[in-house]
Amino acid sequence: MGKLRLFFVKEGRAVYISHLDLLRTFQRMFLRQGLVLRHSQGYHPHPILSFALPLSVGQASECEILDFEVNGEMDGTGLPEALNRFMPEGIRVVDCRAPLRPVRDLAALRCRVELLYDGGVPAGAAEQIRALLLGDSVVIQKRTKRRAMADLDIRPMLHSLDVTEEPGLLCLDAVVAAQNPGLNPALLAGAVGSHLPELTPDFIRIRRLAALDSEGQIFR
């Protein structure tokens, strides 16, 4: 039985594919390649596929991870090219290999959050947003699993931040906690809207750039 880890890009129109539809897409692609996946036990067996930190709908990523197991031994050689021949537009497999470490060692995500302004970036916005997000605390309202609203300080989950201005937008290059707890980078834009409403962007684009371990190295 071989355990494999797939690394893939999700971008373009594919950002609007839901997590469940993405799961079904990979199941179909594996079936098309004749891969026999390990299945769960019980009355309703299903292929065992596990996405590390499923991506929110509407966000792009260069570092998505899918773990799976096949019956028999294989090292993943040639699988990315084979899968890419049939993948939907915007999904591209870049690597496949045996996992080097468990997903629990995935500690952080480097992300690019773009705040777009139709009328141009307001004067002084970069400095104000930098001061807000790098302050002692950044408390926002977040819905809990019980659907109630609660205060959440996202500052401890923001490891680093660089704010730069580009034509028509501000770019937040951030490293955020990945899990236990993790920080959805969309909440950085949410904090701007809550604390600096006059700087609320007209549109937001988010892209994961890299998955990192606790030492800041690329997670494999």
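So, the lining of the largest pocket: by type the residues divide into 7 nonpolar, 3 polar and 4 charged. For the classes, Ala, Val, Leu, Ile, Met, Phe, Trp, Tyr, Cys and Pro count as nonpolar, Asp, Glu, Lys and Arg as charged, and the others, Gly among them, as polar. About 290 Å³ of space lies in that pocket. There are 14 lining residues, and G58, A60, I204, R205 and I206 are the closest to the centre. Strand 5 (108-116) and strand 10 (203-212) are the elements that give two or more residues to this lining, and strand 10 has the largest share, with 5 residues.

Before I go on, the ground rules. This is a predicted model, where local features need pLDDT of at least 70 and side-chain atom pairs count only at pLDDT 80 or more, while totals for chains, interfaces and linings use all residues. Residues are numbered from 1 along each chain as its sequence is written, and side-chain values use heavy atoms, with hydrogens and water left out.

Points are joined across faces, edges and corners, and a volume is the space filled by probe spheres set on the points.

The second largest pocket holds about 250 Å³.

The largest has a volume of about 60 Å³, and its lining is K10, I17, S18, H19, L22, F51, P54, L55 and E64. That's 5 nonpolar, 2 polar and 2 charged. The second largest cavity comes in at about 40 Å³, lined by A52, L53, C63, E64, I65, L106, L109, R208 and A211. In this lining there are 7 nonpolar residues, no polar ones and 2 charged. Strand 3 gives the largest share, 3 residues.

Let me stop at S61, which lies in strand 3 (residues 60-70); helices (H or I, at least four residues) and strands (E, at least two) are DSSP runs, numbered from the N terminus. Is S61 buried or exposed? S61 counts as buried because its relative accessibility is 0%; the scale is buried under 20% relative accessible area, exposed over 50%, partly exposed in between, with a 1.4 Å probe and protein chains only. The S61 side chain makes a polar contact with the side chain of E64 at 2.7 Å, and reaches the backbone nitrogen of C63 at 3.1 Å. A polar contact here is a pair of N or O atoms within 3.5 Å; within protein, one must be able to donate a hydrogen and the other to accept it, and residues adjacent in sequence count only if both atoms are side-chain atoms. Setting aside neighbours within four places in sequence, S61 is in contact (heavy atoms within 4.5 Å) with F8, V9, K10, L55, R207 and R208.

On to packing. In soluble globular proteins, nonpolar side chains tend to be buried together. A nonpolar core is a set of buried Ala, Val, Leu, Ile, Met, Phe, Trp, Tyr and Cys residues joined through side-chain atoms within 4.5 Å. The largest one has 41 residues, and L106, L115, I129, L133, L170, L172 and L188 touch the most other members. Apart from it lies another core of 22 residues, including F8 and F68. L106 is also in the lining of the second largest cavity; beyond four places in sequence, the contacts of L106 include A52, L53, I65 and F219.

Zooming out, the protein chain has 4 helices and 10 strands. Of its 220 residues, 43% count as buried. The C-alpha trace spans about 60 × 35 × 35 Å along its principal axes. Okay, over to you.

Conventions
On a 1 Å grid over the protein atoms alone, a cavity is a set of points where a 1.4 Å probe fits but cannot get out, and a pocket is an open set with protein on both sides within 12 Å along at least five of seven lines; lining residues have an atom within 4 Å of a point.
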